[in-house]
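Biologist: I have a new model open here. Can you walk me through it?

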Amino acid sequence: PEPPAAMFRAAIRSEAMWSLSDAIAMIPGARRNHVLTLSRTWATLATRTIHSKVSGAEWALPRLPTDLRPVLEHARDLHTGVADLETWDDHSYAAYERHVQAEISGLQD
């Protein structure tokens, strides 16, 4: 059976917050996974369809401001094996995080 919609949305939102935790930050690839989890959360809540990390990224990319897209593209490329050097120095990670969290917060349950 399907879970109640409000319970499902709460679980999806909590996954995004969990990906920010200090315990997760120590795991290799944590930042990449957090970037992808945020886009997946945004896509899933906005479309009311479950998204994978890749499909969430593909949904979110055209909805992001142009200057924030490289952050998500880099995370997606690391996840899919297109890129292999995980470096975030040249990416607006914090701005991406703030923007997507604001988008998620603005969605109605």
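Modeller: Terms first: helices (H or I, at least four residues) and strands (E, at least two) are DSSP runs, numbered from the N terminus. From the N terminus on, the elements of this protein run α-α-α-α-α-α.

Biologist: How many helices and strands is that?

Modeller: Six helices and zero strands.

Biologist: What kind of model is it, and what are the ground rules?

Modeller: This is a predicted model: local features need pLDDT of at least 70, side-chain atom pairs count only at pLDDT 80 or more, and totals for chains, interfaces and linings use all residues. Residues are numbered from 1 along each chain as its sequence is written, and side-chain values use heavy atoms, with hydrogens and water left out.

Biologist: What is the mean pLDDT?

Modeller: pLDDT is the predictor's confidence in each residue, from 0 to 100. The mean for the protein is 87, and 90% of its residues reach 70 or more.

Biologist: Where is confidence lowest, and where highest?

Modeller: Lowest in helix H2 (residues 22-25), at a mean of 63. Highest in H4, at 97.

Biologist: What share of the residues counts as buried?

Modeller: Buried means under 20% relative accessible area, exposed over 50%, and partly exposed in between (1.4 Å probe, protein chains only). Of the 109 residues, 37% count as buried.

Biologist: On to H1. Which residues are buried there?

Modeller: Arg9, Ile12 and Ala16. They cover an arc of only 60 degrees around the axis, which puts them on the same side of H1. The arc is that of the directions from the helix axis to the C-beta atoms.

Biologist: What do they pack against?

Modeller: Helix H3 (30-47). The face of H1 turned away from the buried side carries exposed Ala6, Met7, Met17 and Trp18.

Biologist: How far does H1 reach?

Modeller: H1 covers residues 5-18, which is 14 residues, and reaches 20 Å from its first C-alpha to its last. That is close to the 20 Å expected at 1.5 Å a residue. The expected span is 1.5 Å times one less than the number of residues.

Biologist: Now H3. What does Arg40 touch?

Modeller: Arg40 lies in helix H3. Leaving out residues up to four places away in sequence, Arg40 touches Glu15, His51, Ser52, Lys53 and Gly56.

Biologist: Is that arginine buried or exposed?

Modeller: Arg40 is buried, with a relative accessible area of 17%.

Biologist: How many aromatic pairs are there?

Modeller: Rings of Phe, Tyr and Trp (its six-membered ring) pair if their centres lie within 6.5 Å; planes under 30 degrees apart count as stacked, over 60 as edge-to-face and the rest as tilted. By this rule the count comes to one. The rings of Trp42 and Trp59 have centres 5.2 Å apart and planes at 90 degrees, so the pair is edge-to-face.

Biologist: Where do those two sit in the chain?

Modeller: Trp42 is in helix H3 and Trp59 in helix H4 (residues 53-60), 17 residues apart. Both Trp42 and Trp59 are buried.

Biologist: Which residue lies over the face of Tyr93?

Modeller: Arg31, at 3.8 Å from the ring centre. A charge sits over a ring if NZ of Lys or CZ of Arg is within 6 Å of the ring centre and within 35 degrees of the ring normal.

Biologist: What is the phi of Arg48?

Modeller: Positive, about 60 degrees, although Arg48 is not a glycine. Most residues other than glycine have a negative phi. Arg48 lies in the loop between H3 and H4, and at 52% relative accessibility it counts as exposed.

Conventions: Contact means heavy atoms within 4.5 Å.
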